[in-house]
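Please keep the structure open beside the text as you read.

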Amino acid sequence: MLPGDGRSPVLLHVPHAGTEVPAWTRPHLVVDDDELAAEQAALTDHHTDRIATAAADRARLRPWTLVNRVSRLVVDPERFPDEREEMAAVGMAAVYTRGTHGQRIRDDDPGHRHALLDAFYTPWATAVRDAVDDRLAATGRAVLLDVHSYPSVPLPYELHAAGPRPAVCLGTDAVHTPEWLVAAAGTAFAPIGTVGLDSPFAGTYVPLAHHGTDQRVLSIMIEIRRDGYLVEPAGALTAGADRVAASLAALVDAVTAHCGKGT
């Protein structure tokens with residue numbers, strides 16, 4: 001958690017930037033080091049933590065920032081841990097057993113799965129819930145900007161790869177993403193290129209304690225196509241990274257201003 005201004009309702013949520021694989025989890029990943037590196041190159045939302053931090057530095061009122069340092073190949077904190085998760089169909093619920101090409105990367109070990117969820121999934125969910133509750137208590141509103149990136153070319157595991165792949169994909173929730181937030185994000189990210197809605201990825205993160213019930217909690221997912229800010233699949237940042245950070249800062253400012261009006 002990187003602290004923000006006490007008056008800010010905004011939380012930058014960065015769940016997939018991490019690459020750490022704790023030593024006790026590594027033997028359960030049944031791939032060699034080269035295969036693991038390839039999966040991390042494909043699946044990590046590279047440098048989204050740096051983009052979020054740069055945006056926070058530029059914002060008029062600093063948002064709060066949550067960054068997950070652990071690789072999503074250990075635990076994916078945004079996925080449901082059970083049958084509610086559609087990605088379970090390809091072995092990629094909260095604890096992945098399959099990789100980007102459908103290959104086995106972890107044996108289905110219920111004991112180890114529960115240990116991973118206890119060690120990483122539950123603490124992350126609790127931290128985000130508590131951060132949201134803190135913003136609600138302080139400002140009456142909590143707005144999650146769910147920061148991600150995605151490859152320009154579909155990966156085999158994707159369930160909705162046939163749809164458009166815009167420069168920026170906005171993911172929405174029927175309860176927690178109002179029209180004004182979609183419009184604000186569209187305006188902020190227009191300088192990056194095409195801005196699409198819920199394709200190739202849909203939805204956005206809301207803590208389960210608030211999901212579907214608390215309309216004071218707002219959220220929108222921001223998926224930046226990676227060729228717009230780095231050398232794919234996991235190379236150096238390009239000049240586009242600065243433009244993405246500026247657009248994210250502009251969205252933070254727009255959200256802060258909107259919420260400050262009490263609407």
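## The second largest pocket

The second largest pocket has a volume of about 180 Å³. This is a predicted model, so please read the values below as computed from it. Around this second largest pocket there are 14 lining residues, and those nearest its centre are Ala 93, Val 95, Thr 97, Asp 108 and Arg 113. Sorted by class, the lining of the second largest pocket holds six nonpolar, three polar and five charged residues.

## The largest pocket

Now to the largest pocket, where the volume comes to about 970 Å³. Its lining is made up of 45 residues.

Which elements give two or more residues to the lining of the largest pocket? They are the helices α1 (33-43) and α3 (110-139), together with the strands β3 (142-150) and β6. Of these, α3 gives the most, with five residues. By class, the lining of the largest pocket divides into 22 nonpolar, 10 polar and 13 charged residues.

## The cavity

Rolling a probe the size of a water molecule over the atoms shows where empty space is left. How many cavities of 30 Å³ or more are there? The count comes to one, and the volume of this largest cavity is about 30 Å³.

You can trace the lining of the largest cavity through Thr 48, Ile 51, Val 147, Phe 189, Ile 222, Ile 224, Val 244 and Leu 248. Two or more of the lining residues come from each of α2 (48-58), β6 (217-225) and α5 (240-260). In terms of class, seven residues in the lining of the largest cavity are nonpolar and one is polar, while none is charged.

## A closer look at Arg 26

Arg 26 sits in the loop between β1 (10-14) and α1. What does the side chain of Arg 26 make a polar contact with? Its partner is the side chain of Asp 33, at 2.9 Å.

Leaving aside residues up to four places away in sequence, Arg 26 touches Val 21, Val 31, Asp 32, Asp 33 and Leu 36.

Conventions: Residues are numbered from 1 along each chain as its sequence is written. This is a predicted model: local features need pLDDT of at least 70, side-chain atom pairs count only at pLDDT 80 or more; totals for chains, interfaces and linings use all residues. Side-chain values use heavy atoms; hydrogens and water are left out. On a 1 Å grid over the protein atoms alone, a cavity is a set of points where a 1.4 Å probe fits but cannot get out, and a pocket is an open set with protein on both sides within 12 Å along at least five of seven lines; lining residues have an atom within 4 Å of a point. Grid points are joined across faces, edges and corners, and a volume is the space filled by probe spheres set on the points. Helices (H or I, at least four residues) and strands (E, at least two) are DSSP runs, numbered from the N terminus. Ala, Val, Leu, Ile, Met, Phe, Trp, Tyr, Cys and Pro count as nonpolar, Asp, Glu, Lys and Arg as charged, and the others, Gly among them, as polar. A polar contact is a pair of N or O atoms within 3.5 Å; within protein, one must be able to donate a hydrogen and the other to accept it, and residues adjacent in sequence count only if both atoms are side-chain atoms. Contact means heavy atoms within 4.5 Å.
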